[in-house]
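Open the model in your viewer and keep the sequence panel beside it. The tour below goes from one selection to the next.

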Amino acid sequence: MASTEIDHLLKMANDIADNLAFQADADERIADHINRFWAPRMRNLLIEHVANESPGLSETLRLAVSKLRT
């Protein structure tokens, strides 16, 4: 996986998390958004990145990633 590709996905995912962070159920809303609008390949790259304990995700986003479809 190209570093620039995961960097771009992380930026998009963190932007989504920033926009929804004020919601009480932010992790659920973030996961729902990513599940609905991201291609499976994009979701899987993000899940893989988190599984490797790589940096770059907010704590809310980290929780949301655990709720993504593969």
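Which residues are linked with D27 in a network of salt bridges? Select D27, E28 and K67: these residues form the network. A salt bridge here is a side-chain nitrogen of Lys or Arg within 4 Å of a carboxyl oxygen of Asp or Glu.

Before moving on, note that this is a predicted model, in which local features need pLDDT of at least 70 and side-chain atom pairs count only at pLDDT 80 or more, while totals for chains, interfaces and linings use all residues. Residues are numbered from 1 along each chain as its sequence is written, and side-chain values use heavy atoms, with hydrogens and water left out.

**Stop 1: helix α2**

Select residues 26-37, which make up helix α2. Helices are DSSP runs (H or I, at least four residues), numbered from the N terminus. The expected span of a helix is 1.5 Å times one less than its number of residues. For the 12 residues of α2 that gives 16 Å, and the end C-alpha atoms are 16 Å apart, in agreement.

Now colour A26, D27, I30, A31, I34 and N35, the buried residues of α2. Buried means under 20% relative accessible area, exposed over 50%, and partly exposed in between (1.4 Å probe, protein chains only). Looking down the axis of α2, you find its buried residues within an arc of 160 degrees, so they line one face of the helix. The arc is taken from the directions from the helix axis to the C-beta atoms. Turn to the face away from the buried side: it carries the exposed residues R36 and F37.

What covers the buried residues of α2? Show α1, α3 (40-51) and α4 (59-65), which are included in the cover.

**Stop 2: salt bridges**

The structure holds 6 salt bridges. Start with E5 and R41, whose closest N and O atoms are 2.5 Å apart. E5 belongs to helix α1 and R41 to helix α3, so this pair ties together parts that are 36 residues apart in sequence. E5 is partly exposed at 25% relative accessible area, whereas R41 is exposed at 52%.

Next select R36 and D32, a salt bridge with its closest N and O atoms 3.1 Å apart. The two residues are 4 residues apart in helix α2, which means a separation of about one helical turn. R36 has 54% relative accessibility and counts as exposed; D32, with 37%, is partly exposed.

R29 and D25 form another salt bridge, with the closest N and O atoms 2.8 Å apart. Both ends are partly exposed, R29 at 39% relative accessibility and D25 at 34%.

**Stop 3**

In soluble globular proteins, nonpolar side chains tend to be buried together. To see this in the model, select I30, I34, W38, L46, L57, L61 and V65, which touch the most other members of the largest nonpolar core, a set of 19 residues. Each of α1, α2, α3 and α4 supplies at least two residues of this core, and the largest share, 6 residues, comes from α1. A nonpolar core is a set of buried Ala, Val, Leu, Ile, Met, Phe, Trp, Tyr and Cys residues joined through side-chain atoms within 4.5 Å.

Centre on V65. Leaving aside neighbours within four places in sequence, V65 is in contact (heavy atoms within 4.5 Å) with L46, I47, V50 and L57.

**Stop 4**

Is N14 buried or exposed? At 16% relative accessibility, N14 counts as buried. Its place is in helix α1 (residues 3-20). Beyond four places in sequence, N14 is in contact with G56, L57, S58 and L61.

Go to H49 in helix α3, which is buried at 9% relative accessibility. H49 touches I6, L10, S54, P55 and L57, not counting residues up to four places away in sequence.

Finish at N44, found in helix α3 and partly exposed at 33% relative accessibility. Which residues does N44 touch, leaving out those up to four places away in sequence? They are R69 and T70. N44 and R69 are 25 residues apart along the chain, and their C-alpha atoms are separated by 8.3 Å.
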